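My notes are below the display.

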Amino acid sequence: MLAQLSTQAVKRNAAALVQARRGISVQSLLHGSPEAKQEGDVQILQHSRLVARGKYVHGLEVHKVKPAAVEEYKKAAEAYYTAIKDDPDLHVKLTGSWEAMVGEQDTFYHILEYENYSGFDKTTRKIRNSEHIDTYKKLIPYLTARSQQLCQEFAFFPTVPPRTEGGVFELRTYQLHPGTLLQWEHTWRKGIEARRKFVAPVGAWFSQVGRLHQVHHMWQYPDLQTRKETREKAWQLDGWAETVSKTAEYSMLMDAIVLEPLPFSPLK
């Protein structure tokens, strides 16, 4: 009888241990590692509340253009994006507009800054009921595809204001494994200091609507040779090699796209 009771107790304890481990595993997938959660003295909250600056929502609009219609597209894009950024009734600012020089060709990137989701909602409604929609429709015949993504900026990586410094931009995009956003943020929060010694970041964002589990960050260099030399210098500093290694661990896909700002871009 005692042996039977002892066996039952062992089974109950084993089942409880499996359940506890399962709970820890699920929590790790949903909320990231304990080390990442300790950064900033935070508790278990939504990822966006932990890592986002929270003040703005950024829209990343990507247009793939017919090769023979690039120049016509540029004129139509300038008419549309300058009109909405100059309209005081809209709750939106144009962060920048770029053309891909290395990466998928005939592709254009536009980043818009909204006053949070309410600003996006108000702006979208007003555009649909104004002359801006007619200006936007003039873009459509030149496109082969278009996509939109809503992102938030990382709290430690705020977007720079408009400036004119010349050179090229690099947009790096990472498709993360689901559940690793906090670890990525924790790693880059520490590692970014190595890069700041040589170049200031333009901004970094993580997706909230559209393609999920994506992280983007942008840099500006005088030219590609300077980019190469800057990255080589960063490797010589403590912490950067670990940042790169962890980034590869958390990512499924990576892209590095070299961009040239369009003439009307506030960032150039």
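**Ground rules.** I am working with a predicted model, in which local features need pLDDT of at least 70 and side-chain atom pairs count only at pLDDT 80 or more, while totals for chains, interfaces and linings use all residues. Residues are numbered from 1 along each chain as its sequence is written, and side-chain values use heavy atoms, with hydrogens and water left out.

**Barrel.** I first looked up how the strands are arranged. Helices (H or I, at least four residues) and strands (E, at least two) are DSSP runs numbered from the N terminus, and two strands pair if DSSP finds at least two bridges between them. I find 8 strands closing into a barrel in the order E1-E3-E2-E8-E5-E7-E6-E4, with antiparallel pairing. From one strand to the next the twist averages 35°; axes are lines fitted to C-alpha atoms, for helices over the stretch in contact, and angles run from 0 to 180 degrees between N-to-C directions.

**Strand E5.** Which strands does E5 join, and through how many bridges? E5 runs antiparallel to E7, with 8 bridges between them, and Tyr174 faces Val215 in E7. E5 is also antiparallel to E8, again through 8 bridges, and there Leu171 is opposite Ile257.

I then checked burial, where buried means under 20% relative accessible area, exposed over 50% and partly exposed in between (1.4 Å probe, protein chains only). In E5, 9 of 9 residues are buried. In a regular strand the side chains alternate between the two faces of the sheet. In E5 both faces are covered, with Val168, Glu170, Arg172, Tyr174 and Leu176 buried on one side and Phe169, Leu171, Thr173 and Gln175 buried on the other. Helix H7 (residues 181-196) lies across E5, strand E6 (203-209) and E7, at about 15° to E7.

I turned to the empty space next. Rolling a probe the size of a water molecule over the atoms shows where empty space is left. On a 1 Å grid over the protein atoms alone, a cavity is a set of points where a 1.4 Å probe fits but cannot get out, and a pocket is an open set with protein on both sides within 12 Å along at least five of seven lines; lining residues have an atom within 4 Å of a point. Grid points are joined across faces, edges and corners, and a volume is the space filled by probe spheres set on the points.

The largest pocket holds about 570 Å³. I count 22 lining residues, with Val62, Tyr109, Ser147, Thr173 and Gln214 nearest the centre. E4 gives the most to this lining, 5 residues. By class, the lining has 7 nonpolar, 10 polar and 5 charged residues; Ala, Val, Leu, Ile, Met, Phe, Trp, Tyr, Cys and Pro count as nonpolar, Asp, Glu, Lys and Arg as charged, and the others, Gly among them, as polar.

**Second largest pocket.** This one has about 370 Å³ of space. Its lining has 17 residues, and Glu61, Tyr80, Thr124, Tyr136 and Gln148 are closest to the centre. H5 supplies the largest share of the lining, 5 residues. I noted 9 nonpolar, 5 polar and 3 charged residues in this lining.

**Cavity.** How many cavities of 30 Å³ or more does the whole structure have? The search finds 1. The largest cavity holds about 40 Å³ and is lined by His58, Leu60, Ile111, Cys151, Leu171, Trp205 and His216. That lining has 5 nonpolar, 2 polar and no charged residues.

**Leu171.** I looked this residue up on its own account. Leu171 belongs to strand E5 and counts as buried because its relative accessible area is 2%. Apart from neighbours within four places in sequence, Leu171 has contacts (heavy atoms within 4.5 Å) with Tyr109, His216, His217, Met218, Asp255, Ala256, Ile257 and Leu259.

**Thr247.** My last entry is a residue in helix H9 (residues 240-250), Thr247. Is Thr247 buried or exposed? Thr247 is buried, at 5% relative accessible area. Beyond four places in sequence, Thr247 is in contact with Tyr174, Trp184, Trp188 and Met254.
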